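Biologist: Can you take me through this one? I'd like the chains first, then some local detail.

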Amino acid sequence: MITSEDLATVVVRRVIFHDIPQAVKGGSAKPTLSEVETEIDAPRKGHLKTKLIKVLGSKSAYPIQFSETSASPVPGEVRGLTKQHSSAPVFVESSQRLANYLFEQRLGSISPGLLCMIDATANSLPCVVLMKLERERGGQLELSDNQEGKKTFALSVFDNLVLTDGTRLFKTSMFVRTGKGDDDFRAGACDSQLSVGSSDDFAKFWLRFLGCTFVEEPRVATHRFYESVVRFVNKSVSDPASKGDIYESLQSELKSHKKTLSPKQFIEEYIPEAEQNNLREHLKTEQVSPTAFTKDLSDIEKRLRRRVYETAKGVTVSVPEESAELVVVSPEQIIVNDSVVKVK
Amino acid sequence: MMDVDTARKRWIAERPKYVEFANLVSSRLQKALKPIGLWFDVSARAKEVDSLVKKLIKKPKHDYDSLPDKVGARVIVRFRADIPHVLDVIEKTLHCDTVDDKRTGLGIDRVGYQSVHLDGVRLQKSDPDHGTFPGDTFWLELQVRTLAQHLWSEISHDTVYKNDDAVAGLPEDIKRRVNLMAGQIEVADREFDRLNRELPADEGMQLLKVLERHYFTLSSRRPDAELSLQVLRSLAPLYNESTGEIVQRLDRFIKEQHPTLEAIYEQAAEGEPAYITAFLFQPEVLMIYERLLNDPIAIRKGWNLRYPESELERIANLFGLALD
């Protein structure tokens, strides 16, 4: 989730706009692409920052993450642009690709507007902001030549669309890189017109264009991952020894001191090679994201707990608390109503 | 006889480098003094060409190379009690040949110019810029004084009673009046110091002192204390806690947020006035931030009784928060 610290320390470096007309089947409309960034002065940057704070700092904003299954180029472009400070041509070309992609989505119900891409820093970390600003239906906005003869939108376009307080904002998303990894991002989004999940139109826009999904509550993500892996082990893994190993690895990974769990990494480290693709497919079918999540065991705590019996002659029996009924204890003996699959 | 023409030529050629040195020392002092949490004002400058020539004419015992104050710096604080804290930091930050406390030199029966002069102030050998500004070429004279001492120094600067030699030649009655004035200023200086310690502190005043200590680690801009007290007295009841508990809460909160606050103040200082809240340079803004994060409904309600909501929104935006 984008934090207030991120928003308070946003420094806008570059801004570019592209006009995206409504895509109509058989129509000849095409995006109008800027060839250079729009040079905006310090007061306008200040205004843009305030707008971002008002939108992404609002209660309607929510955390998002890159979707593993989306074909959208946005995650790749954002990862590339934030790896190191990008040059102006790289920034412009990247934004043009995204503008074309947005248009190609032919989201009929998405109104025409401008795609605004911002290269910025937040808390001194590289970040990218994508906004879709609405404009009136009808004619496209005109480009003008800058001093070097390259096409760009005039400042008046920025003033009319961004500075006007009456502007209907828009769809906004922000990605702050927090580390070197592909998923090391804090990301958030907001749509000023729709509430979360209220519209198919809305979901389409985010899923198709941004290539993102909503971030699940850590409690829910942990529970779903656990249940899904257990189901996979019970149904698909036939070798009893492998079953036991995977179950133990799952337990220890969940109980470890690590704050996050990456399903992708879990599969690579603990699942036998022959089963790795099967588990990946299984998680995909059950719509469990392979992206790392913050662990919260509150929903599965009981299932992770084990009851341990120690006998007079030094025998130890450890059983998951939820299967405690398998162990029958009497004064003279302890009986485990289960079969042995592995001896360590 | 000093060749002032040669000195003039050398200073015209070399002065830009000394200007850089003055700026560097000024920024080193700013950075080092901020964590003390006291108000201070730092300035540093390389002498103008004409000032250097005048000084050499006036002090023939010096030549270009031995002149001790081609570069001068000054730190002004509010109270006498602040001076030892500042000296402590300066001596840890820069190398100083000598520390001359002019107050001690006056003895028990004389009044007059009071400041602490640090001579031969140079970058420490471990300083990353020591190579660019080696200590055998680049040094300055640094003065540390209170606002009252600064008043005496400034007002006497252009007059005949600037130093003991000048005063010695004056008629007895004038000498007496000069001494009385210096004495009055010293009394005022001491009284401000005592008053600062002894003023009865109500809740607003206690909170202001705590918040000022944090605020001055972020900014050297002097706030409007009257506004601070008014706001603090009206917002403190929102906590429903004792003053001690509020102080503890604020101390904890501000320490946790300090790196972010530093980044915000650094940016805001260069920000566009149109988007900056008037409370940026008020210590109470830190308390308002704490309430906006921890009890936004109450602060909004309390604030709107007396102050414009648009200003609260600007404060919220300053800290990356939206009022919705």
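Modeller: What follows goes through the two chains, their contact and a few local sites.

Modeller: This is a predicted model, so local features need pLDDT of at least 70 and side-chain atom pairs count only at pLDDT 80 or more, while totals for chains, interfaces and linings use all residues. Residues are numbered from 1 along each chain as its sequence is written, and chains are lettered from A and ligands numbered from 1 in the order in which they are written.

Biologist: Fine. How many helices and strands does chain A have?

Modeller: Chain A has 11 helices and 16 strands. Helices (H or I, at least four residues) and strands (E, at least two) are DSSP runs, numbered from the N terminus.

Biologist: What share of the chain A contacts with a separation of 6 or more is between residues 24 or more positions apart?

Modeller: That share is 69% in chain A. For chain B, among contacts between residues at least 6 apart in sequence, 74% join residues at least 24 apart. A contact is two C-beta atoms, placed from the backbone, within 7 Å.

Biologist: Staying with α10(B), at what angle does it cross α11(B)?

Modeller: Helix α10 (residues 243-269) and helix α11 (residues 285-294) of chain B have axes that come within 10 Å and cross at roughly 90°. That makes α10(B) roughly perpendicular to α11(B). Axes are lines fitted to C-alpha atoms, for helices over the stretch in contact, with angles from 0 to 180 degrees between N-to-C directions. Under 35 degrees is roughly parallel, over 145 roughly antiparallel, 65 to 115 roughly perpendicular and the rest oblique.

Biologist: Which residues meet there?

Modeller: B:Leu250, B:Phe253 and B:Ile254 in α10(B) meet B:Leu286, B:Met287 and B:Glu290 in α11(B). The residues of this contact are 5 nonpolar, no polar and 1 charged.

Biologist: Over to chain A. Are α3(A) and α4(A) parallel or antiparallel?

Modeller: The axes of α3 (residues 74-83) and α4 (residues 88-104) of chain A come within 10 Å and cross at roughly 170°, and the two helices are therefore roughly antiparallel. The contact is made by A:Val74, A:Glu77, A:Gly80 and A:Leu81 of α3(A) with A:Phe91, A:Ser94, A:Arg97 and A:Leu98 of α4(A).

Biologist: Why is β9(A) described as largely enclosed?

Modeller: 7 of the 7 residues of strand β9 (residues 185-191) of chain A are buried, so the rest of the structure largely encloses it. A:Phe185, A:Ala187, A:Ala189 and A:Asp191 point one way, and A:Arg186, A:Gly188 and A:Cys190 the other. Strand β3 (residues 62-66) of chain A runs antiparallel to β9(A), joined by 2 bridges, and A:Pro63 stands opposite A:Gly188.

Biologist: Last one, B:Thr217. Where is it found?

Modeller: B:Thr217 is in the loop between α8 (203-215) and α9 (225-235) of chain B. B:Thr217 counts as partly exposed because 19 other C-beta atoms lie within 10 Å. Not counting residues up to four places away in sequence, B:Thr217 touches B:Lys34, B:Pro35 and B:Gly37. The C-alpha atoms of B:Thr217 and B:Gly37 are separated by 4.7 Å, with the two residues 180 apart along the chain.

Terms used:
Nonpolar A, V, L, I, M, F, W, Y, C, P; charged D, E, K, R; others polar. Buried ≥ 20, exposed ≤ 12 C-beta atoms within 10 Å, placed from the backbone. Pairing = 2+ DSSP bridges.
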